[in-house]
Amino acid sequence: MEAKAVSYEEVVKDIGEFPGLAYAREFLCFQEKHYSLKNIFLKITNDGIPTAIIAVNLKSNEAFSVYKDYAHLFFLDTRQKDFNWLTLANVVKKKIGASYFELQFAQFEGTPSHDGLVPSPLSIFVLSLNNEKTEADLLNLFDKKTRNEIRKSKRYGFEVKMIRIDMLDDIYALYIENMKRHGTPPKPMGYFEDLFHCFGEKCKCLGVLSNGELVGLNIFQVNKDYLRLIFNLSKVKFWNACVNNLLYYETIEWAALNGVKIIDFGPSLNNDHGHNRFKLGFGAKRMPIFSVVDAGVVFRFRKWIRQKWYNLRLRYAKTFNV
């Protein structure tokens, strides 16, 4: 197995524009601007046959298929899927001279060979759209409880509209409120400024308002027929009005009317049963995220210690609300 560095233009020539987002120009712009990462593309050949394209984010002597995220791999020859993934990780690591390489990916279709793969604690939830256009068509995709909660929410008379960056202060205030509730360290305002700057019109904010107050928001990214939900935010006092059900429904309806075929509701912990049932209620299918890591024992141990220390600080902040 070999890895060869190729330009973005060569990649597009081979497979056309990426249907997902993790390798799109806008995403690479964001990774570089916000995280100061260098991005390269590698073409993988197996037994002399071009097999797959992998984008790699570089940070010092560490490399990632996607930094702090997951990717969908693009296979040039689907007959070559059954290879040893640890061998792939080792080839990539040596090619770029890194001490650590981490591959986190999910597949929309089929199940990859498990030779060297480790299921992560996360899964994504994906809804496939065909020709659904009307409200009745869309509601038929959902389970009975979800349909009833959408109808209930609509009776509250919320205003639903696309929100622009000029409401960034309101967006960020709602985000901070949600992060405090979860006990999660919030991203800085600059994260959202970079997000909107790099993605432009491919980043959408669908808001739910009550008497002019922003009470719910879905932030999602769109590339051709693929939509990825990145934030679902809402005020607790409107949960009884099923504001999150309305947000998901309106996002799905927007997608159906704008040519989207794949809606990725994003990752959830496998043991987050309540959240996962909510996504499954909208007709989504669960797809595991797989992990492949190649690193020395010392490097792995140091990274493990850093992660444990981060988790401890996170638990402390959540427990004492600091």
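Trainee: Which residues have the most contacts inside the largest nonpolar core?

Mentor: The model is a predicted one. Its largest nonpolar core has 63 residues. Those with the most contacts inside this core are Tyr23, Phe41, Val56, Trp85, Phe192 and Ile219.

Trainee: Which helix gives the most to this core?

Mentor: The core in question is the one of 63 residues. The element that gives the most to it contributes seven residues and spans residues 168-182. That element is helix α6.

Trainee: Which residues does Phe192 touch, not counting residues up to four places away in sequence?

Mentor: Phe192 is among the residues with the most contacts inside the largest core. With residues up to four places away in sequence not counted, Phe192 touches Leu168, Tyr172, Tyr175, Ile219 and Phe231.

Trainee: How many residues does the other core have?

Mentor: This core lies apart from the largest one, and among its residues are Leu127, Leu129, Val215 and Leu227. Its number of residues is 31.

Trainee: Why is the pair of Phe64 and Tyr100 described as tilted?

Mentor: The structure holds 24 aromatic pairs. In the pair of Phe64 and Tyr100, the ring centres are 5.9 Å apart and the planes stand at 55°. Planes under 30 degrees apart count as stacked and those over 60 as edge-to-face, so the remaining angles count as tilted. The angle that places this pair among the tilted ones is therefore 55°.

Trainee: How many residues apart in sequence are the parts that Phe64 and Tyr100 tie together?

Mentor: Both Phe64 and Tyr100 are buried. Phe64 lies in strand β4, whereas Tyr100 lies in strand β6, residues 100-105. The pair therefore ties together parts whose separation in sequence is 36 residues.

Trainee: At what angle do the ring planes of Tyr248 and Phe278 stand?

Mentor: The ring centres of Tyr248 and Phe278 are 4.9 Å apart, and the pair is edge-to-face. Planes over 60 degrees apart count as edge-to-face. The angle of this pair is 85°.

Trainee: Is Phe278 buried or partly exposed?

Mentor: Buried means under 20% relative accessible area. Tyr248 is buried, because its relative accessible area is 1%. Phe278 has a relative accessibility of 22%, so Phe278 counts as partly exposed.

Trainee: Over which ring does the charged end of Lys187 sit?

Mentor: Ring pairs link a cluster that includes Tyr191, Phe192 and Phe231. The charged end of Lys187 is 4.8 Å from the centre of one ring, that of Tyr191.

Trainee: Which residue forms a salt bridge with Arg228?

Mentor: The structure holds nine salt bridges. Arg228 lies in strand β11, and its partner is in the loop between β4 and β5, 159 residues apart. With an N to O distance of 2.9 Å, the partner of Arg228 is Asp69.

Trainee: With which side chain does the side chain of Asn218 make a polar contact?

Mentor: Asn218 lies in strand β10 and counts as buried at 0% relative accessibility. Leaving aside neighbours within four places in sequence, its contacts include Lys204, Leu229, Tyr248 and Thr251. The side-chain polar contact of Asn218, at 2.9 Å, is with Thr251.

Trainee: What distance separates the C-alpha atoms of Lys95 and Lys154?

Mentor: Lys95 is placed in helix α3, residues 85-96, and counts as partly exposed at 44% relative accessibility. Leaving aside neighbours within four places in sequence, Lys95 is in contact with Ala3, Lys4, Ala5 and Leu42. Lys95 and Lys154 are 59 residues apart along the chain, and their C-alpha atoms are separated by 55 Å.

Key:
Residues are numbered from 1 along each chain as its sequence is written. This is a predicted model: local features need pLDDT of at least 70, side-chain atom pairs count only at pLDDT 80 or more; totals for chains, interfaces and linings use all residues. Side-chain values use heavy atoms; hydrogens and water are left out. A salt bridge is a side-chain nitrogen of Lys or Arg within 4 Å of a carboxyl oxygen of Asp or Glu. Helices (H or I, at least four residues) and strands (E, at least two) are DSSP runs, numbered from the N terminus. A nonpolar core is a set of buried Ala, Val, Leu, Ile, Met, Phe, Trp, Tyr and Cys residues joined through side-chain atoms within 4.5 Å. Buried means under 20% relative accessible area, exposed over 50%, partly exposed in between (1.4 Å probe, protein chains only). Contact means heavy atoms within 4.5 Å. Rings of Phe, Tyr and Trp (its six-membered ring) pair if their centres lie within 6.5 Å; planes under 30 degrees apart count as stacked, over 60 as edge-to-face and the rest as tilted. A charge sits over a ring if NZ of Lys or CZ of Arg is within 6 Å of the ring centre and within 35 degrees of the ring normal. A polar contact is a pair of N or O atoms within 3.5 Å; within protein, one must be able to donate a hydrogen and the other to accept it, and residues adjacent in sequence count only if both atoms are side-chain atoms.
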